[in-house]
Amino acid sequence: MIPSKFKNVVFAFCMSLFMSFVMSMIITFINLGIVDGFVMKWMEAFVKAFAFAFPIILIVAPLVHKITNKIVK
């Protein structure tokens, strides 16, 4: 198991992994449709998206938590 002090990093990793996986598939499909080599084009987009998503979530998540705490009772 991973120590709880790494909870935010594990959250950012999992969130960015799942979101970039799904969103890269959707955007690839919207842009190309189902074409030959779709899965490879999707996986290329996924790797690129994940490379950006993980550090972005690490940076943005604390801000989003603060905003959420202010607007939710």
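1. The side chain of T28 has a polar atom 2.6 Å from the backbone oxygen of S24. This comes from a predicted model, and the points below should be read with that in mind. T28 belongs to helix α1, which covers residues 7-32.

2. Is T28 buried or exposed? Its relative accessibility is 9%, and the limit for a buried residue is under 20%, so T28 counts as buried. Leaving aside residues up to four places away in sequence, T28 touches G33, F38, K41, W42 and A45.

3. S20 is also placed in helix α1. A polar atom of the side chain of S20 lies 3.3 Å from the backbone oxygen of L17. S20 has a relative accessibility of 4% and therefore counts as buried. Again not counting residues up to four places away in sequence, S20 touches F46, A49, F50 and A53.

4. How do the two helices pack? Two packed helices are described by the angle between their axes and the distance between the axes. For α1 and helix α2, the latter made of residues 38-71, the angle is about 145° and the axes are 7 Å apart. The contact of α1 with α2 has 20 nonpolar residues, 5 polar residues and 1 charged residue. The crossing of these helices, α1 and α2, is right-handed.

5. How many salt bridges does the structure hold? The count is 1. Side chains of opposite charge can pair when their charged atoms come close. Here the side chains of E44 and K48 meet in a salt bridge, with 2.9 Å from N to O. E44 and K48 are 4 residues apart in helix α2, so about one helical turn separates them. E44 has a relative accessibility of 46% and therefore counts as partly exposed.

6. N69 is located in helix α2. With a relative accessible area of 59%, where the limit for an exposed residue is over 50%, N69 is exposed. N69 and F46 are 23 residues apart along the chain, and 31 Å separates their C-alpha atoms. F46 is also one of the residues that S20 touches.

7. To restate the points on accessibility: T28 is buried at 9%, S20 is buried at 4%, E44 is partly exposed at 46%, and N69 is exposed at 59%.

Terms used:
Residues are numbered from 1 along each chain as its sequence is written. This is a predicted model: local features need pLDDT of at least 70, side-chain atom pairs count only at pLDDT 80 or more; totals for chains, interfaces and linings use all residues. Side-chain values use heavy atoms; hydrogens and water are left out. Helices (H or I, at least four residues) and strands (E, at least two) are DSSP runs, numbered from the N terminus. Buried means under 20% relative accessible area, exposed over 50%, partly exposed in between (1.4 Å probe, protein chains only). A polar contact is a pair of N or O atoms within 3.5 Å; within protein, one must be able to donate a hydrogen and the other to accept it, and residues adjacent in sequence count only if both atoms are side-chain atoms. Contact means heavy atoms within 4.5 Å. Axes are lines fitted to C-alpha atoms, for helices over the stretch in contact, and angles run from 0 to 180 degrees between N-to-C directions. A crossing is left-handed if the near helix is turned anticlockwise from the far one by less than a right angle, and right-handed if clockwise. Ala, Val, Leu, Ile, Met, Phe, Trp, Tyr, Cys and Pro count as nonpolar, Asp, Glu, Lys and Arg as charged, and the others, Gly among them, as polar. A salt bridge is a side-chain nitrogen of Lys or Arg within 4 Å of a carboxyl oxygen of Asp or Glu.
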